[in-house]
Amino acid sequence: MKFQWPENTSEVFSTEIITCQHDGHESEHFTDEGLADLLDRYPRDEMGIYKFPEHAEGKVKAIHGKAENLTGAELLEAVKRGQIWLNLRAVNNHLEEFEAIKQQLFSQLDDAASISSMKQDVGVLISSPNIHVHYHLDIPFVCLVQVRGEKTVSLYPAEPPFATASQIEAVVLKEQEEEMSFQHSFDKHVTALEMKPGMAVTWPQNAPHRVQNGDMLNVSLSCEYMTTSGLLRANAMYTNGVMRRSMGIDSSLPAKNGLGVVFKAVIARFIKIFKKTVEQKHTPITFEIDKETLLAKDIS
Ligand SMILES: [Fe+2]
């Protein structure tokens with residue numbers, strides 16, 4: 001897979017949205033046959049199967065489902081017909097060909113951005129025509145690689161009021177999943193990217209975003225990674241979150257990492273060692289995809 005990151009990638013990395021062209025959409029992995037095979041081989045119990053309510057103000061939560069007895073081809077057909085979003089996380093840990101894609105992608109991104117990325121993984125998102133993925137943010141950096149279909153990725157600045165320090169901390173502390181509270185007024189500050197097969201994008205860490213699919217099946221690679229400074233910030237946010245919750249101290253991180261950020265990141269390591277396992281609030285499974293109709297059936 002070949003990427004053509006712009007010349008100035010290293011200058012604007014982590015502060016600006018960067019798009020580029022790639023040739024991954026030409027791969028046989030993403031034909032109907034390739035996807036059905038992928039869906040057969042990826043462990044079904046690790047697959048994230050979701051629906052999303054309509055785009056609206058406030059917090060919109062994903063609805064969690066399962067698809068136990070369907071073949072890969074049936075599951076792909078269900079996605080084409082329905083309103084389903086499949087997240088095959090860290091495919092590179094399960095299938096060799098995606099480990100190769102991971103290495104190609106990150107070696108080129110590292111060179112272009114002058115970074116040494118870490119905690120890299122490649123996920124595959126297979127989603128229905130017209131589905132809308134709610135307003136949320138991701139703690140790691142993300143490189144989204146579009147391979148089939150068209151979608152609009154709406155990106156917002158990684159700062160208040162789009163994402164407050166307290167909200168980001170809640171995601172870092174795993175008090176909630178990644179959804180955030182949206183207001184229509186945010187759209188005055190949106191950068192809307194029309195993603196087509198052969199396009200890729202990476203954006204500043206923690207930038208909130210939402211995604212509207214066009215009227216066709218969509219397939220994207222969601223590639224997450226960290227940099228040294230990104231990891232420091234995530235750990236310092238963890239400490240800030242603990243301080244806010246246990247001592248009422250309201251602090252946010254400076255734009256650039258300094259000694260304070262490093263100090264807080266070190267403290268986070270100690271807190272994590274001594275803290276008991278955090279209980280993550282996963283949404284319960286409330287629908288399943290029916291093998292006969294290939295439609296989502298309520299089981300709540
Ligand atoms: Fe995301």
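Predicted model: local features only at pLDDT ≥ 70, side-chain atom pairs only at ≥ 80, totals over all residues.
Strand 9, which covers residues 141-148, and strand 13, which covers residues 199-202, are paired in the antiparallel sense through three bridges. Strand 13 also pairs with strand 2 (residues 18-22), again running antiparallel, and here four bridges join the two. One of the positions involved is Q21, whose bridge partner in strand 13 is M199. As a general point, the strands of a sheet pair through backbone hydrogen bonds, and they may do so in a parallel or an antiparallel way.

Seen as a whole, these strands are part of an open sheet made of eleven strands, which follow one another in the order 1-2-13-9-15-7-6-3-5-16-17 with mixed pairing. At its edges are strand 1 (3-4) and strand 17 (296-298), each of which pairs on one side only. Helix 4 packs on this sheet, where it touches strand 1, strand 7 (118-127), strand 9 and strand 15 (218-226), and the direction of the helix makes an angle of about 120 degrees with that of strand 7.

## The nonpolar core

The largest nonpolar core of the model contains 77 residues, and those with the most contacts inside it are L75, L86, L105 and V124. Helix 4 (residues 96-113) supplies the largest share of this core, namely seven residues. The core also draws at least three residues from each of the two domains, domain 1 (3-226) and domain 2 (228-275). In soluble globular proteins, nonpolar side chains tend to be buried together.

The domain assignment of the protein chain gives domain 1, which spans 3-226, and domain 2, which spans 228-275. The C-alpha centres of these two domains lie 26 Å apart, and the contact between them takes eleven residues from domain 1 and ten residues from domain 2.

On the side of domain 1 that touches domain 2, helix 5 (residues 165-172) gives the most, with five residues. When the residues on this side of domain 1 are sorted by class, eight are nonpolar, two are polar and one is charged.

An example can be found at K151, whose bridge partner in strand 12 is M195.

## Loops and backbone details

Several details of the backbone are found in loops. The peptide bond that leads from P160 to P161 is cis, with omega near 5 degrees, and P161 is placed in the loop between strand 10 (151-155) and helix 5. S14 has a positive phi of about 80 degrees although it is not a glycine, and its place is in the loop between helix 1 (9-12) and strand 2. N206, which is not a glycine either, has a positive phi of about 70 degrees and lies in the loop between strand 13 and strand 14 (209-213).

A56, in the loop between strand 3 (48-51) and strand 4 (58-59), is exposed, with 12 other C-beta atoms within 10 Å. The C-alpha atom of A56 is separated by 9.5 Å from that of S181, although the two residues are 125 residues apart along the chain.

Note on methods: Residues numbered from 1 in each chain as written. Core = buried A, V, L, I, M, F, W, Y, C linked by C-beta atoms within 7 Å. Buried ≥ 20, exposed ≤ 12 C-beta atoms within 10 Å, placed from the backbone. Domains from an automatic or database assignment. Pairing = 2+ DSSP bridges. Contact = placed C-beta atoms within 7 Å. Axes fitted to C-alpha atoms, helices over the stretch in contact; angles between N-to-C directions. Nonpolar A, V, L, I, M, F, W, Y, C, P; charged D, E, K, R; others polar.
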